[in-house]
Amino acid sequence: MTLVVVAAAVGILGLPGATWGDVDPASAIIALAALAVAVWAGRQAVLAQRYTDIDVNAWSRWLADAVLEAETQARHQMLGRADKTINVDFVFRPAPAHNAAGAPAAGSLQEVAAYYRELRPRRLVITGAPGAGKTVLAVELMLGLLTRRQPDDPIPVRLSAASWDPGTRVRDWLTGHLARAYRMAPRTAAALVAAGRVLPVVDGLDEMDTDPEPGYTSRAAQALQALNDYQRGQEKAELVLTCRTGQYNALTRTEVWAENAARVEITPLSASKALTFTECRVGSNQNMDRWRDVLDAIDFRPEAPLSRALDSPWRLTMAITVYEQRDPATGRYLRDPAELAGPVLDHPDKIRDHLLALYIPAVTAPRGHSAGPYRPEKVHAWLAVLATYLDTNAGTGRTVGGRPLSSTDIILHELWPLAGNRPRFLAIALTAIVWLTIVWLAFGGALLPGGMANSSNPYLVAIFIAVGVYMCFSAWGPTWPKPSRLGTLRRPTSKGWKGLGAGLRGGLATGLLAWLAIELTFGLWLGVAAGVITALTVGLTVGLTAPAAEGATNPRDVVRSDIEVGLTAGLAFGLMAAAAVGLWSSLQGGAALVAIAYGVAVGLAINLAAGVTFGLAAGLAGGSVTFGLAAGIAGTRYLALLLCTRGRLPLRLGGFLQWCYHAGLIRTAGIAYQFRHRELQDYLARHPVPQPLQSG
């Protein structure tokens, strides 16, 4: 696309004033036509290396391994870096009609995989109260299915319900998720979905709407209807869905529910299970004595505020995390759990907020003798900014570019609306500043030797204007730019090297056509040089940015890879332009051999150095567009967001969120970060500043 713009600019601005002594207009027209064909050939090279034969069985095995690894780590984080979970119970709650056959009356977390296999068709809806452990139960089901998976069994893949866009087909949603979260080529992902090898585990249906009583026209109802239409052969496709009990009951009252599915509801945590879990997490009998008042209240006073406050795995886990915190120097416990049973904390909501206020200081505390990288008050303030943004989205139902803003998902390259349109304008400003600096250096003679520094040259003026305008236009970009990735450099697998070879072959074809175009217009030597430069540039850019599946991706790696692609594409474009300019300017000197020697010794050295500078600047300031490849726009907008929110958010936001993930404050769902629990998000939105603590 860049070459087309440049060629058009050259034709419009340069050819009308040219004479037969300068450029042959007839040859130039032929050259421009050949250049258009070269662009088309470059695009075909990109497409050709993507469309290879797909082995569904091999890719199914690969995806199963990737999901198993990702969900094992997710389970570990959701359990607070422990391997013990509460064996919660659930009971079957039949829908008014269209239930799955074979559903037992009750089950437990340890039996959930066997329970699911009994269903016909295998469609399960997991409901429960807030904090009951719906996501943990769904992940336990996924791991159970994966560890005993048969070759033809579908692979359970967890998706955030909030990421579904109304009107999108379920097949397209699954395909897009696999491409983003597991770095699969879209065609490969589509083949797995079409073959029925993907079992969607849709987590958080209740988080699609702000209304606690979603109606028939709600997003959740539309999602249910789409999932009911999702067929596999003559039956409805396999499905796992999680939702809060209240919201699912409201949807059922509107005559919308998951058809041909078994709905189960997680029961409140019993005193015996709470005792067993606490013993597993706390350890010694002496330490259990510290918890005696709490356990007695749960066991003997089920209606007490403390019993009602700790009747979910999330709350009990949070209480153990807070009250098992120890001084790293002395080993002394910092807090006494008996205060939970004190007279001040006389309501479940007070106990909830008390635990939430202590939770961030507990997980950010020093471990061993090393201090944590972030102070608790900073962690609280930064997370509160994100929580407030998400809760505002939930309360207003705001949409940008036709897409509703998520109330749960923190996707780095889609977070820019937090600062309004300022990141988009800042990206344009950065691009314009960089390009104006380049123009000033070039036409001021500081970088370009010889006659090329003459600003009256219409071709050079046209090229700089066209590229500058196009870069600014690219910096504004689409509302929701799709991030690119640089898979081959990160992991040079055999498939990656094949992609690089395909790119080089396509680049060679494009380079030959570019050589023809420039040779017809400007002469043999420049045509040959331009052909070689174009071939290498197209080949490397296409090959290095080829899709290459690498397993489940870290949410931070998505934006990082996009920035890498932008830098690579910008560097390639800068090197190509600088080499071409160096040869062009050196060829003005006379005899071909002398000119080439001068160009290699002086022109290329100066201009390649300039190309590195220009390319890196282009990659950072607004992305680079080379041979139809848009790269770096999503990453640039993310960097602009960080500049716009300096002071409110950390400059290394991705690194901070990844640290929060390991600390247990954040969880991941595909390429999105989410708060560990919605209660934590809501608390931070209500209390952007740490609150005074209540104790017994």
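**Terms and values**

Analyst: Helix H5 (residues 134–147) has 14 residues and spans 20 Å from its first C-alpha to its last, close to the 20 Å expected at 1.5 Å a residue. The expected span is 1.5 Å times one less than the number of residues. This is a predicted model, in which local features need pLDDT of at least 70 and side-chain atom pairs count only at pLDDT 80 or more, while totals for chains, interfaces and linings use all residues. Residues are numbered from 1 along each chain as its sequence is written, and side-chain values use heavy atoms, without hydrogens and water.

User: Why is H5 called largely enclosed by the rest of the structure?

Analyst: A residue is buried if its relative accessible area is under 20%, exposed if over 50%, and partly exposed in between (1.4 Å probe, protein chains only). In H5, 13 of the 14 residues are buried, so the helix is largely enclosed. In the chain, buried residues make up 54% of the 696 residues.

User: How many helices and strands are there in the chain, and what makes a run count as one?

Analyst: The chain has 26 helices and 15 strands. Helices are DSSP runs of H or I with at least four residues, strands are runs of E with at least two, and both are numbered from the N terminus.

User: Why is one side of S2 and of S4 left without a neighbour in the sheet?

Analyst: Seven strands form an open sheet in the order S2-S1-S9-S3-S8-S5-S4, with mixed pairing. Strand S2 (106–108) and strand S4 (155–160) are at the edges and have a single partner strand each, so one side of each lacks a neighbour.

User: How do you know that S5 and S8 pair?

Analyst: Pairing requires that DSSP finds at least two bridges between two strands. Strand S5 (residues 198–203) and strand S8 (residues 239–244) have two bridges, in the parallel sense. The bridge partner of Val201 is Val240 in S8.

User: Why is H15 called roughly perpendicular to H26?

Analyst: The axes of helix H15 (residues 348–363) and helix H26 (residues 678–686) come within 10 Å and cross at roughly 85°. Axes are lines fitted to C-alpha atoms, for helices over the stretch in contact, and angles run from 0 to 180 degrees between N-to-C directions. Angles of 65 to 115 degrees count as roughly perpendicular, under 35 as roughly parallel, over 145 as roughly antiparallel and the rest as oblique. H15 is therefore roughly perpendicular to H26.
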